[in-house]
Amino acid sequence: MLAVKIDNVAAARPHTGLGAADLVYVEQVEAGLTRLLAVYASQQPPTVGPVRSARESDVELLRQFERPALAYSGVRSALKGFLQEAPLYALPPERAPAAYERAPDRPAPHNLYLDPQRALAAAPQAGTARDIGFRFGPAPAGGRPVDQHAVRFPAARYGFAWSAAEQRWLVSMDGTPARTTDGGRVGAKTVVVQDVTIRPSTFRDRGGNVTPYTETVGSGSALVLRDGKAYDARWSRPSAGGGTTFTTPTGAPLAFAPGPVWIVLAAR
C-alpha cells in the first residue's frame with residue numbers, strides 16, 4: 001500500500017492521480033494551510049503529484065495501516081531520522097530516485113511527480129490493504145438532506161457539493177472546483193469531517209512557523225456526508241496501532257458508501 005503527501009496550494013493545482021486514491025486525508029500544516037495525504041490500495045495511477053514534504057502527524061496517522069510505503073519530497077533535518085525510524089517505508093527521492101521526476105512546465109517546488117509502481121518496487125515489503133475500522137454498506141436510517149458543506153482552515157477552505165447525477169460529492173478548494181489532469185473533477189462517495197485536536201509540535205518550517213500536530217488517536221465527534229445526506233457520528237481510535245471506527249450517536253456502526261473517501265481532519 002502506498003501513501004503520498006501531496007501539495008495543494010493554488011500553484012500545485014490541478015493535481016495528477018488524485019482521483020485514483022482510495023482515501024484522501026486533509027491535514028493542517030504551517031501558516032494555516034493544508035496538505036493532502038492520499039492513500040492508494042485498490043489501484044495505482046501512472047503518476048501522482050505534485051509531491052511535497054511529510055509531517056510528524058503522518059506517522060501516527062499511518063500506523064493504523066501497518067507499515068505502508070510513504071512517498072514524500074523531504075522534511076526538515078530534525079524530522080528526517082524520525083520518519084526513517086517510523087513503522088513505515090519512507091520513500092523520499094534519495095531512497096527511490098527512479099520513482100520521481102520534475103515536470104518542466106511547472107515551477108519548483110510544485111513540480112515533483114511520483115511513479116507509484118516504481119515507488120512500491122523500492123519497498124517490496126510494504127503492507128497491503130487491511131481493516132482500519134471503516135465499514136461500507138447501505139446508509140443508516142435518518143440523516144439530514146444536504147447538498148453543500150464547507151470546512152474552513154485558517155488559510156484554506158474546502159467545499160463539498162452533492163451531485164445527484166454523479167452520485168458523489170464534488171470537491172472544491174478555496175472556492176475553485178478541484179480537477180485533475182488525468183481524470184476530470186475530483187469527488188468522493190463519502191466525506192468525513194473528523195473533529196480533532198490540532199496542537200503545536202516541536203518542529204518549525206523554514207520560515208520559522210510552528211508545525212501543527214494533528215492528534216488522530218482518541219475520540220470525538222464527526223460529520224459523515226453520503227448519498228446527499230449528513231449524519232452526526234462519533235469516531236474512536238483507542239491506540240495508534242489500531243484503526244478508527246465511526247458510529248451513530250446510538251453506538252451502531254456507521255457505514256460509508258462504497259468508493260473513495262475524503263477525511264477532513266478539522267480542529268474541534
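A search of the whole structure, which is a predicted model, finds seven aromatic pairs. One of them joins Phe136 and Phe256 in an edge-to-face arrangement, with 5.9 Å from centre to centre and 90° between the planes. This pair links distant parts of the chain, 120 residues apart: Phe136 belongs to the loop between helix H3 (116-121) and strand E8 (144-145), and Phe256 to the loop between strand E20 (245-247) and E21. The two partners can be described by their accessibility. Phe136 has a relative accessible area of 42% and is therefore partly exposed, since that class lies between 20% and 50%. Phe256, at 1% relative accessibility, counts as buried. Ring pairs also extend this arrangement into a cluster made up of Phe134, Phe136, Phe246 and Phe256.

Another edge-to-face pair is formed by Phe160 and Trp262, with 6.4 Å between centres and 70° between planes. Because Phe160 lies in strand E10 and Trp262 in strand E21, the pair ties together parts that are 102 residues apart in sequence. Both Phe160 and Trp262 are buried.

These two residues lead into the interior. In soluble globular proteins, nonpolar side chains tend to be buried together. The largest nonpolar core here has 45 residues, and those touching the most other members are Val4, Leu18, Leu36, Leu114, Tyr158, Phe160 and Trp262. Strand E10 (residues 156-163) gives the most to this core, contributing four residues. A second, separate core comprises 34 residues, including Met1, Leu37, Leu70 and Leu88. Beyond its neighbours within four places in sequence, Leu18 has contacts that include Ile6, Val24, Leu36, Met173, Val186 and Trp262.

Strand E2 (residues 23-28) is the next element to consider. Six of its six residues are buried, so E2 is largely enclosed by the rest of the structure. In a regular strand the side chains alternate between the two faces of the sheet. Both faces of E2 are covered, with Leu23, Tyr25 and Glu27 buried on one side and Val24, Val26 and Gln28 buried on the other.

The strand partners of E2 complete this picture. E2 pairs with strand E3 (residues 34-40) in the antiparallel sense over six bridges, and Val26 stands opposite Leu36 of E3. E2 and E3 form a hairpin with five residues between them, and Ala31 in the turn has a positive phi of about 60°. E2 and strand E21 (residues 261-267) run parallel and are joined by four bridges. Within E21, Val264 is the bridge partner of Val26.

Methods:
Residues numbered from 1 in each chain as written. Predicted model: local features only at pLDDT ≥ 70, side-chain atom pairs only at ≥ 80, totals over all residues. Heavy atoms only, no water. Core = buried A, V, L, I, M, F, W, Y, C linked by side-chain atoms within 4.5 Å. Buried < 20%, exposed > 50% of the residue type's maximum accessible area, 1.4 Å probe, protein only. Helix = DSSP H or I, 4+ residues; strand = E, 2+ residues; numbered from the N terminus. Contact = heavy atoms within 4.5 Å. Pairing = 2+ DSSP bridges. Phe/Tyr/Trp six-rings, centres within 6.5 Å; stacked < 30°, edge-to-face > 60°.
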